[in-house]
Amino acid sequence: MHVSQIVGDQRNNKLVWRLIIAIFAFTRNHAKSSENNNEYFTSITGLEALMNTEQTLLIDLKDYVIKAKQQINLLEKEISKIAREHDLASQNLESYLANPVNAYKLIKRLFVDWEVYEEHIAEVINFFKLMDERRKNFQFPQLEDFDESAIALVRLQQTYQLTVPEIAAGKLNGIKYGYDMSWTDCLVLGRQLFHMQAYNQTKFWLQESVKRLPQEPDRLELFPSDFLQEPTEYLIRLGDADTALQLYKIIAKHKEDGRGSFKIKEMIQSSEILPNAAIDNENTWERPYHKTAEFNVYQKICRGEVTKPAREQRDLRCFYVYKNNEFSRLAPFKVEDLNLDPEVKIFHDILSDETIEIIKELASPHLVRSTVFSRQQDKVATHNYRISKQTWLKYDSHPSLLRMLRDLHDITGLDVKCSETLQVANYGLGGHYEPHVDFFPLSDVEQGGATAFPFLKLGVKPLKGSVLFWYNLHRSLHGDFRTRHGACPVLKGSKWIGNVWTHEGGQELIRPCALHQDHEISLPYEIVK
């Protein structure tokens, strides 16, 4: 659970004190999701819709192949029969046609049989019509989904320092998931990254494609020559003529009909080498914040390279809480200290699996792209440094949500009647939320997805059913910038979260102000460095 942070009030643009409680939901969801706004890459529920589309197309294609084989077998028999007639006619054409039976069969074939053959061949056209209907009625990714999925892979590669061969082999942090990427997967990704000006990554992915191409040479016949000619030129422009020549030789060997031929020497001589192509220059999706020390620490925390020293952990405790409800003496809440100043805690085993499923079922049909409020533009907008979908649920929409809110009061002592409606979010492909002064929570995922506090040197891994809690305001109601945090990219798994904001109103006697200002300690963290 998280507690207070500085949040720009979108209604009046004022800074208000909010208690932030992040409830950790978890990994896989099978609930149906409404995807009217597309942007499938922003949530796992959206990607599930695309998987259902491909499943339908796969069934269609299998059915077509079976029927096509049947048609081909029939047509091959007919071809053999006609060929025999032509072989017989070639011996003496006049004698063959003088036979009235042969003459009748010839006319009958051209008048009747060839129309039948055309009907069989028309099955191919019917398949294309079916595909057109599927595209109208089923969910397909758009260009933004395609580009953002490529950016997500690079983001994961950079954050967790994964190598291209590792990712291409289906390995994430040394664990093998699924099948390898094909040479065409790597090639297409390299082409995408080139157009995004991510030149250094482009080179590695094209090199991996060329390395894998000999394993699947037959697939070369599926693609036109320019599909391979462009990457060859990219390699030359990136200063890797050796790999470009290697790719050219493979094309020349397997495209014996000349469809893959182009003049490699002229290409090498005429192509202009890109300046600074060998260095990791800024990508089109990067922003100045990515060059800061804070972001560097954030990434290190995500990788588990930065942790609190032992001397800062020795006073942390695990204990039970039952003071706010007599019933909780029989079943006290389990609390774990993560940081003492500012206060950050985890409340364990708050949400049951049943409650989590209810929350996901209620939220899934209403998920929309998460936005970020811009004070400069005074409006909300989507950004690729926040990849998720979200919705809001009223607590009275289900008894389980009211019970959850009651438990939050019992464990924190706060007056939760001042809370905003429950925010539920599902992270997408490489889903993340870079450090910000608002918050973001956790949930069970196989790898990645932790909440990182750069200034506290603290990374909190997702824990299903638990609540991460902290105050983002001092008692003086000034913002505590030390609680700035980010959601690490999800490397493997589906991250669901629930967030509860409780306003400062009504908390005066529960967390009263001190007799002195207590916010000076966090002022050095206000400006990003």
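This is a predicted model: local features need pLDDT of at least 70, side-chain atom pairs count only at pLDDT 80 or more; totals for chains, interfaces and linings use all residues.
Phe194, Tyr199 and Tyr234 come together as one aromatic cluster. Phe295 and Tyr298 are three residues apart in helix α11, which spans residues 293-302, so about one helical turn separates them. Both Phe295 and Tyr298 are buried.

A further pair involves Phe347 and Phe469. Their ring centres are 5.3 Å apart and their planes meet at 35°; because an angle under 30 degrees would count as stacked and one over 60 as edge-to-face, the pair is classed as tilted. Phe347 belongs to strand β7 (residues 344-348) and Phe469 to strand β17 (residues 467-471), so this contact ties together parts of the chain that are 122 residues apart in sequence. Phe347 has a relative accessible area of 3% and is therefore buried. For Phe469 the relative accessible area is 2%, so this residue is buried as well.

Aromatic rings also take part in contacts with charged side chains. The charged end of Arg135 is placed over the ring of Phe140, at 4.5 Å from the ring centre. Lys495 lies over the face of Tyr427, and here the distance to the ring centre is 4.5 Å.

The next segment to consider carries a record annotation. An unreviewed UniProt entry lists residues 58-92 as "coiled-coil region".

The description now turns to open space in the model. Rolling a probe the size of a water molecule over the atoms shows where empty space is left. The largest pocket has a volume of about 2000 Å³. Its lining comprises 48 residues, and those nearest the pocket centre are Leu47, Met51, Ser149, Leu153 and Leu429. Several elements each supply at least two residues of this lining: α1 (44-91), α3 (100-137), α4 (143-159), α6 (183-195) and β19 (490-492). Which element gives the most to the lining of the largest pocket? That element is α1, with eight residues. By residue class, the lining of the largest pocket divides into 27 nonpolar, 13 polar and eight charged residues.

Terms used
Residues are numbered from 1 along each chain as its sequence is written. Side-chain values use heavy atoms; hydrogens and water are left out. Helices (H or I, at least four residues) and strands (E, at least two) are DSSP runs, numbered from the N terminus. Buried means under 20% relative accessible area, exposed over 50%, partly exposed in between (1.4 Å probe, protein chains only). Rings of Phe, Tyr and Trp (its six-membered ring) pair if their centres lie within 6.5 Å; planes under 30 degrees apart count as stacked, over 60 as edge-to-face and the rest as tilted. A charge sits over a ring if NZ of Lys or CZ of Arg is within 6 Å of the ring centre and within 35 degrees of the ring normal. UniProt positions are given in the numbering used here, feature names are shortened, and annotations may be inferred rather than shown by experiment. On a 1 Å grid over the protein atoms alone, a cavity is a set of points where a 1.4 Å probe fits but cannot get out, and a pocket is an open set with protein on both sides within 12 Å along at least five of seven lines; lining residues have an atom within 4 Å of a point. Grid points are joined across faces, edges and corners, and a volume is the space filled by probe spheres set on the points. Ala, Val, Leu, Ile, Met, Phe, Trp, Tyr, Cys and Pro count as nonpolar, Asp, Glu, Lys and Arg as charged, and the others, Gly among them, as polar.
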